[in-house]
2 protein chains.
Amino acid sequence: MSQSVKLKERWVTGASPIKGKVEQMFFGQYEHNLDAKGRITIPANFREQTLDGVFVTEGFDHNLSVYSKRHFEAIAANLAKTSITNPASRELRRKIFSNSAELSYDPAGRILVPARLREMAQIKGSVVIVGIGDSFELWAVDAWKEQEMRLNDPNADENRWQAFDLTTRGE
Amino acid sequence: MSQSVKLKERWVTGASPIKGKVEQMFFGQYEHNLDAKGRITIPANFREQTLDGVFVTEGFDHNLSVYSKRHFEAIAANLAKTSITNPASRELRRKIFSNSAELSYDPAGRILVPARLREMAQIKGSVVIVGIGDSFELWAVDAWKEQEMRLNDPNADENRWQAFDLTTRGE
DNA sequence: CTTCAATTTGACACTTTGTGACACTTTATG
DNA sequence: CATAAAGTGTCACAAAGTGTCAAATTGAAG
């Protein structure tokens with residue numbers, strides 16, 4: 001691996017907390033193009049919150065989920081504590097780790113998502129990068145359009161979200 | 001350009017912990033071909049984390065498990081703690097130690113898994129190398145496909161993994 | 001609106017990796 | 001011993017991955 005120290009200063013040295021912004025919050029959506037080798041430029045403001053790279057895993061809805069290291073390491077540490085003599089533990093490890101990748105940014109702010117994962121999510125040509133709070137997602141353009149339509153469907157059950165308590169005061 | 005050492009020097013000199021990446025974590029899956037002599041090229045990023053070679057043992061699910069020295073020693077230590085008056089302990093010891101091998105990489109990054117172990121796991125022609133966090137596994141292509149189907153089976157018991165708490169907050 | 005800086009993009013050069021082939025060495029066998 | 005089988009090292013090629021740079025685009029500020 002190349003020794004990323006002399007690079008473009010800002011994203012390398014800027015290890016400090018983001019001034020005046022909430023820490024690790026991802027908002028908005030961006031459509032970006034893949035280059036000839038399949039690399040994806042991550043939006044600069046997402047990058048600033050994940051300077052030391054990210055974990056990409058298979059998502060639950062035919063997409064890819066992207067987590068900061070801190071987030072994913074906690075999961076991995078918990079898994080590592082379980083015993084390999086337990087069959088369910090072995091299967092869970094396989095499910096989670098075999099479909100993830102640890103990625104870092106190149107000097108131009110791009111990541112190369114493994115071909116297998118891109119194919120899984122049918123991502124090619126361009127990709128939609130969607131902030132969902134503490135992580136973000138990568139979607140094939142078509143799949144995202146479909147998802148958006150579902151979110152905005154006026155005929156859908158009005159009450160589908162009622163179970164979630166989203167009061168604005170903390171507890 | 002001090003970093004781009006050639007493969008030869010890398011495995012000879014031992015070298016430093018992988019910078020900027022989580023230590024000893026194996027992710028993703030790769031299908032590789034065996035050569036005429038049965039040697040398997042291990043993915044470069046796996047190799048970098050096991051420069052001083054690996055232990056291969058019979059897995060629990062008709063596959064082969066591959067551990068770094070450090071990890072294998074930890075397993076051995078745990079086993080040593082169990083009482084030899086316990087028949088299951090004795091059998092587990094036999095299962096693990098009688099079917100393992102300590103292997104090192106050749107200058108091209110390949111290992112030669114003993115024929116007996118390859119046959120045990122029905123590995124021939126090509127092999128799937130599966131990262132499962134702190135170790136990785138070798139699977140016959142067919143066996144892995146079957147395992148993957150089981151992992152993704154929506155009809156399987158939903159609760160099979162519920163025992164594992166993977167919350168992301170530390171304790 | 002215009003200007004300026006930051007960001008994304010595409011193109012290209014370069015490096016690394018996996019593979020297959022082949023030659024050579026070591027080990028086992030009669 | 002001769003011979004076969006198993007194991008090991010080396011090379012060259014194609015494919016995959018990575019770094020760099022300049023043009024194009026975007027977005028913010030005046």
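I began with helix α4 of chain A (residues 87–97), whose buried residues are Ser89(A), Arg90(A), Glu91(A), Leu92(A), Arg93(A), Arg94(A) and Phe97(A). Buried means under 20% relative accessible area, exposed over 50% and partly exposed in between, with a 1.4 Å probe and protein chains only. Helices (H or I, at least four residues) and strands (E, at least two) are DSSP runs numbered from the N terminus.

A note on the source: this is a predicted model, where local features need pLDDT of at least 70, side-chain atom pairs count only at pLDDT 80 or more, and totals for chains, interfaces and linings use all residues. Residues are numbered from 1 along each chain as its sequence is written, chains are lettered from A and ligands numbered from 1 in the order in which they are written, and side-chain values use heavy atoms, leaving out hydrogens and water.

What do the buried residues of α4(A) pack against? I found α3 (69–81) and β5 (100–103) of chain A, together with β7 (126–131), β8 (136–140) and α6 (141–152) of chain B.

Next I checked how the copies meet. Only 6% of the interface residues of chain A are also interface residues in chain B, so the copies meet through different surfaces.

Then I turned to Ile123(A). Leaving aside neighbours within four places in sequence, Ile123(A) is in contact (heavy atoms within 4.5 Å) with Leu34(A), Leu64(A), Arg118(A), Leu138(A), Trp139(A) and Ala140(A).

Last, the rings: Phe26(A), Tyr30(A), Phe46(A) and Phe136(A) form one aromatic cluster, and the structure holds 18 aromatic pairs over all chains. Rings of Phe, Tyr and Trp (its six-membered ring) pair if their centres lie within 6.5 Å; planes under 30 degrees apart count as stacked, over 60 as edge-to-face and the rest as tilted.
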